[in-house]
Amino acid sequence: MEYETIAARSLLSKPKYGDSWFHINRSLNPYRGCEFACAYCDGRSEYYHVDNFQTHIRIKENAPEIMRKELEKEGYTSRSKLETETLWSFLDDEDAKRLALMTPRRQVIGVCGGVSDGYQQAEKEHKITRRNLEVLYDFGMPVFVLTKSNLVLRDLDILQQINERAFANVTFTITHHDPKVKHVFEPKSSTTEERFEALKEVRKRGLFGGVMATPILPGIGNTDENMRALAKEAKRVGAQYILFAGMTLKPGRQKEHFLTVVKKNFPDQYEYIREIYAKNDKYGHADYRKIPFRSMIRGYKICKEVGISPRTIRHNLPFEHEINTKVLGGLLDIVFYQRYLLGLPWSKSKPFQEVAIRIEKGVENLKELHEHDALRGRLLLDDTTQPIVEQIMDRDSCDHLVWVEDKIKELIERLNL
Ligand code: SF4
């Protein structure tokens, strides 16, 4: 294994809004490459330009300092800086303090990256993720942690502090209940048992926590037995949700490596998997016409039966109006279910997503806007979206979401899952 310390020039991704999967706005990668070496990892694709992905780990030693500079450049002020300025101690006015801490709007930061685990082996010594969390705490940023490692338990103290100031969502990726299958596809990360135990501890410490059961491998992991066992175990340890989703397999290194592992360990599934990814979609999507069902659909059904949510929630941002968060969460639920479970065309979800983005970028209290008949104009609502927004404000759901969920149930029956 080769470790190399590098100097990052930038760290945080550009802000994005309306993320219906995790509700994150930015992400960062503290490392390049990942020693966990999962057989299906997207990070080994040529698309990300990381050669020797699992044997050469680049460590961004200066990541916390770079992030601090980036946030300051965007106008954020850290609490430590505010408190050392003489002005702060003379600021008796709570509103002025509040204003300093709430502008610009805080953003949800995904701290473990999509193509490197922030709690891989190098983190034990280098503590980049730990130091990143300390910076984010200082700036009052909420965080989303996604990992396959129980090393995250080391940082529960800082995560709890972040949770008190903003919020922390600690999610474990867990895909296989059978330890032998897990070992084939995820050879070096914490065992499934260790991850569930770590999640139990996260929940015991009062943090929001769940399971990302992704990727569910076609023909291997998408059995009722595996998925149900994961959902039950998630529920047992107190997870607040488990999200099941399938696998993308980009043509090139990622696909070649994965198929080699499948051929060696699951030869009877090799042809089937090769066939469903044969069209070489540049984003790695399977040919859905060739698979009998999407694992998300089976996952949804199992979650309902086991009694656990199939989705994470939209947390309230610091200083955000709760009513705004409620509407935003409801709209993104519609988008998610329509797009990924029902497979409806994007045009059906776009209007909801656009309203969600307007709310997420920051608008006044929706209840007050409604009372002043300004809701429609401020959110640019039309005759379809207006009643939906108003219904979500009144209750936790709306007729449209009920319709979407009925359609999912019909699909489950039709597929005889
Ligand atoms: S832990 Fe995540 S980033 Fe690391 S190899 Fe596995 S899938 Fe890739």
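Is helix α14 largely enclosed by the rest of the structure or largely exposed, and how many of its 20 residues are buried? Of those 20 residues, 14 are buried, so α14 is largely enclosed by the rest of the structure. Buried here means 20 or more other C-beta atoms within 10 Å of a residue's own; exposed means 12 or fewer, partly exposed lies in between, and C-beta atoms are placed from the backbone.

This is a predicted model: local features need pLDDT of at least 70, side-chain atom pairs count only at pLDDT 80 or more, and totals for chains, interfaces and linings use all residues. Residues are numbered from 1 along each chain as its sequence is written.

**Helix α14 and its partner**

Helices (H or I, at least four residues) and strands (E, at least two) are DSSP runs, numbered from the N terminus. Helix α14 covers residues 322-341. From first C-alpha to last, α14 reaches 27 Å, close to the 28 Å expected at 1.5 Å a residue. The expected span is 1.5 Å times one less than the number of residues. Just after α14, Gly343 has a positive phi of about 65 degrees.

Two packed helices are described by the angle between their axes and the distance between the axes. Axes are lines fitted to C-alpha atoms, for helices over the stretch in contact, and angles run from 0 to 180 degrees between N-to-C directions. The axes of α14 and α19 (residues 399-415) come within 10 Å and cross at roughly 25 degrees. That makes α14 roughly parallel to α19. Angles under 35 degrees count as roughly parallel, over 145 as roughly antiparallel, 65 to 115 as roughly perpendicular and the rest as oblique. The crossing of α14 with α19 is left-handed; that is, the near helix is turned anticlockwise from the far one by less than a right angle, whereas clockwise would be right-handed.

Contact means that two C-beta atoms, placed from the backbone, lie within 7 Å. On the α14 side, the contact involves Gly330, Asp333, Ile334, Tyr337, Gln338 and Leu341. They meet His400, Leu401, Val404 and Ile408 of α19. These residues divide into six nonpolar, three polar and one charged. Ala, Val, Leu, Ile, Met, Phe, Trp, Tyr, Cys and Pro count as nonpolar, Asp, Glu, Lys and Arg as charged, and the others, Gly among them, as polar.

**Helix α13 and its two contacts**

Helix α13 (residues 295-306) and helix α10 (residues 224-236) have axes that come within 10 Å and cross at roughly 45 degrees. The two are therefore oblique to each other. Their crossing is right-handed. Asp224, Met227, Arg228, Ala231, Lys232 and Lys235 in α10 meet Arg298, Gly299, Ile302, Cys303 and Val306 in α13. The contact of α10 with α13 has five nonpolar residues, one polar and five charged.

The axes of α13 and α19 also come within 10 Å, crossing at roughly 105 degrees. These helices are therefore roughly perpendicular. Ile297, Tyr300 and Lys301 of α13 meet Ile408, Leu411, Ile412 and Leu415 of α19. Here the count is six nonpolar, no polar and one charged.

**Loops and backbone features**

A cis peptide bond joins Thr214 and Pro215, with omega about 5 degrees. Pro215 sits in the loop between β8 (208-213) and α10.

Two residues other than glycine have positive phi: His49, at about 55 degrees, and Asn280, near 55 degrees. His49 is in the loop between β3 (31-32) and β4 (56-60). Asn280 is in the loop between α12 (267-276) and α13.

| Residue | C-beta neighbours inside 10 Å | Class |
|---|---|---|
| Asn150 | 21 | buried |
| His49 | 7 | exposed |
| Asn280 | 11 | exposed |
| Pro179 | 10 | exposed |

Asn150 belongs to the loop between β6 (143-147) and α7 (156-165). Residues up to four places away in sequence aside, Asn150 touches Ser190, Glu194, Arg195 and Ala198. Asn150 and Glu197 are 47 residues apart in sequence, yet 8.3 Å apart C-alpha to C-alpha.

Pro179 lies in helix α8 (residues 179-185). Beyond its neighbours within four places in sequence, Pro179 is in contact with Thr191 and Thr192. The C-alpha atoms of Pro179 and Thr191 are separated by 7.1 Å, at 12 residues apart along the chain.
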